Amino acid sequence: MKRVKGDEEESNSTSHESPPEVCKKVRKQLSEEPDEEDVQCDLGCDWTRLPQEIVLHIFQYLPLLDRAFASQVCRGWNEAFHMPELWRYFEFELNQPTSSYLKATHPDLIKQIIARHSNHLQYVSFKVDSSTESAEAACAILSQLVNCSLKTLGLISTARPSFMELPKSHFISALTVVFVNSKSLSSLKIDDTPVDDPSLKVLVANNSDTLKLLKMSSCPHVSPAGILCVADQCHGLRELALNYHLLSDELLLALSSEKHVHLEHLRIDVVSDTPGQHFHAIKTSSWEAMVRHSPKFNLVMYFFLYEDEFGPFFCEETPVTHLYFGRSVSKDVLGRVGLHCPRLVELVVCANGLRPLDEELIRIARHCTQLSALGLGECEVSCSAFVEFVKMCGRRLSQLSIMEEVLIPDQKYTLDDIHWEVSKHLGRVWFPDVMPTW
């Protein structure tokens with residue numbers, strides 16, 4: 001039988017090899033898995049020859065301790081560990097063993113970062129527990145960032161605000177170092193700190209062209225004039241978070257001027273520390289100016305008030321989009337929300353009492369035509385009114401979190417069959433939330 005040319009070449013190529021080598025080659029070709037030694041060799045070659053930018057990308061996803069261990073594998077990985085790009089983002093975790101179970105950033109590592117990478121840091125946050133020692137350590141680090149050019153700075157208290165226990169001058173001097181040396185700061189979070197008006201003027205003087213996000217709720221040493229100074233000079237602000245006592249008609253008009261970019265988010269915390277606290281009212285014309293200038297901005301309001309403190313709110317049209325009531329709120333206030341908040345997108349009510357919210361919920365569904373999320377805690381709503389509410393809102397209700405205890409059975413619906421009716425109008429399977437049993 002005549003052989004084809006390909007077979008002859010294969011026969012000639014194997015005829016010069018000894019029988020054991022031929023057998024080994026055949027076994028290797030037929031085997032589904034390569035030898036373990038070959039696998040290890042291939043993997044070793046792949047890892048050691050990875051481009052440095054790939055190693056750098058992998059290091060960015062590793063926890064800090066694992067990253068340090070990985071840097072000891074080979075020279076290339078160690079070089080990647082010290083590349084400036086790897087130290088642009090860093091979070092200092094400052095916790096005391098006696099007051100926190102969280103693991104803190106090792107002091108030796110902090111010294112190394114300050115010595116080698118302070119001029120590389122661009123996105124920095126501090127997570128601080130409730131101890132004064134941790135807050136002092138954060139200020140000590142801030143004071144050493146004289147060569148930095150930060151773009152993002154966040155001071156986060158994981159428990160009660162420990163920064164407020166520091167001497168005001170000590171905190172301000174440390175924060176001013178960052179404000180003066182960082183000429184391109186775009187995002188700043190300084191909630192629950194003793195920051196004051198003069199320090200904000202330093203911030204504005206050095207970063208007015210770059211600041212886009214400012215969060216400074218619960219800062220008692222800042223006045224409305226101080227935040228107005230920021231609004232007047234930082235024309236690129238897109239997100240602002242502050243306490244209600246800093247909100248004013250002048251501030252809204254400043255943010256609505258032609259020289260300002262369109263604001264995207266305005267978050268207001270309305271918090272009462274003592275019962276009977278007085279709150280000022282904002283003019284409807286000021287809100288209207290804000291909406292005309294930034295028609296798509298989100299106004300997020302968190303209310304932690306007592307019952308008799310809601311007088312100035314929701315008496316006239318308010319462009320709130322996200323509304324959260326952290327304490328009990330009356331039927332009257334919720335009724336005013338339904339009448340005067342046409343832009344409402346999300347509503348969360350922590351508690352109301354034992355009077356059903358049937359009329360108020362129907363009114364909200366009728367007038368708040370953009371509502372897409374609702375959460376009800378310790379409230380009462382009849383099953384029939386709740387079904388009617390869902391029917392009116394329709395499938396735009398993307399989030400619906402209702403405790404089972406909220407729904408009161410009536411002649412038309414029981415708890416056993418209400419989820420079928422609600423699911424039909426939502427276009428998806430829905431069940432009320434059930435209180436977990438421990």
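A pocket, as I use the word in these entries, is an open set of grid points with protein on both sides within 12 Å along at least five of seven lines.

**Entry 1: the largest pocket**

I worked from a predicted model throughout, and I began with the largest pocket, whose volume comes to about 650 Å³. The lining of this pocket has 20 residues, and I noted that those closest to the centre are Leu64, Leu65, Phe90, Thr105 and Leu109. When I looked up which elements supply at least two lining residues each, I found α5 (64-70), β1 (89-94) and α7 (107-117). Sorted by class, the lining of the largest pocket holds nine nonpolar, five polar and six charged residues.

**Entry 2: the second largest pocket**

By class I recorded six nonpolar, six polar and two charged residues for the second largest pocket.

**Entry 3: the enclosed space**

I looked next for cavities of 30 Å³ or more, and the count came to one; about 40 Å³ of space lies in this largest cavity. The residues that line it are Leu334, Leu347, Val349, Leu357, Glu360, Leu361, Ile364 and Leu376. I wrote down the classes as seven nonpolar, no polar and one charged.

**Entry 4: the whole protein and its core**

For the overall picture I noted 17 helices and 14 strands in the protein. Of its 438 residues, 44% count as buried, and among contacts with a separation of 6 or more, 72% are between residues 24 or more positions apart.

In soluble globular proteins, nonpolar side chains tend to be buried together. Here I found that the largest nonpolar core has 121 residues, and that Phe126, Phe325, Phe386, Phe389 and Leu400 have the most contacts inside it. Helix α16 (residues 383-393) contributes the largest share of this core, seven residues. I followed up Phe126 and, leaving out residues up to four places away in sequence, listed its contacts as Phe92, Leu94, Ala138, Ile141, Leu142, Leu153, Gly154, Leu155 and Ile156.

**Entry 5: helix α11**

In helix α11 (residues 224-233) I found Gly226, Ile227, Val230 and Ala231 buried. These four lie on the same side of α11, because they cover an arc of only 140 degrees around the axis. An α-helix has 3.6 residues a turn, so residues three or four places apart point the same way. I also checked what the buried residues of α11 pack against, and recorded α10 (197-207), β5 (213-215), β6 (239-243) and α12 (249-255).

**Entry 6: His419**

Is His419 buried or exposed? I placed this residue in helix α17 (residues 418-426), and it counts as buried because its relative accessible area is 10%, where the cut-off for buried is under 20%. Not counting residues up to four places away in sequence, His419 touches Trp430, Phe431 and Pro432.

How values were computed: Residues are numbered from 1 along each chain as its sequence is written. This is a predicted model: local features need pLDDT of at least 70, side-chain atom pairs count only at pLDDT 80 or more; totals for chains, interfaces and linings use all residues. Side-chain values use heavy atoms; hydrogens and water are left out. On a 1 Å grid over the protein atoms alone, a cavity is a set of points where a 1.4 Å probe fits but cannot get out, and a pocket is an open set with protein on both sides within 12 Å along at least five of seven lines; lining residues have an atom within 4 Å of a point. Grid points are joined across faces, edges and corners, and a volume is the space filled by probe spheres set on the points. Ala, Val, Leu, Ile, Met, Phe, Trp, Tyr, Cys and Pro count as nonpolar, Asp, Glu, Lys and Arg as charged, and the others, Gly among them, as polar. Buried means under 20% relative accessible area, exposed over 50%, partly exposed in between (1.4 Å probe, protein chains only). Contact means heavy atoms within 4.5 Å. The arc is that of the directions from the helix axis to the C-beta atoms. A nonpolar core is a set of buried Ala, Val, Leu, Ile, Met, Phe, Trp, Tyr and Cys residues joined through side-chain atoms within 4.5 Å.
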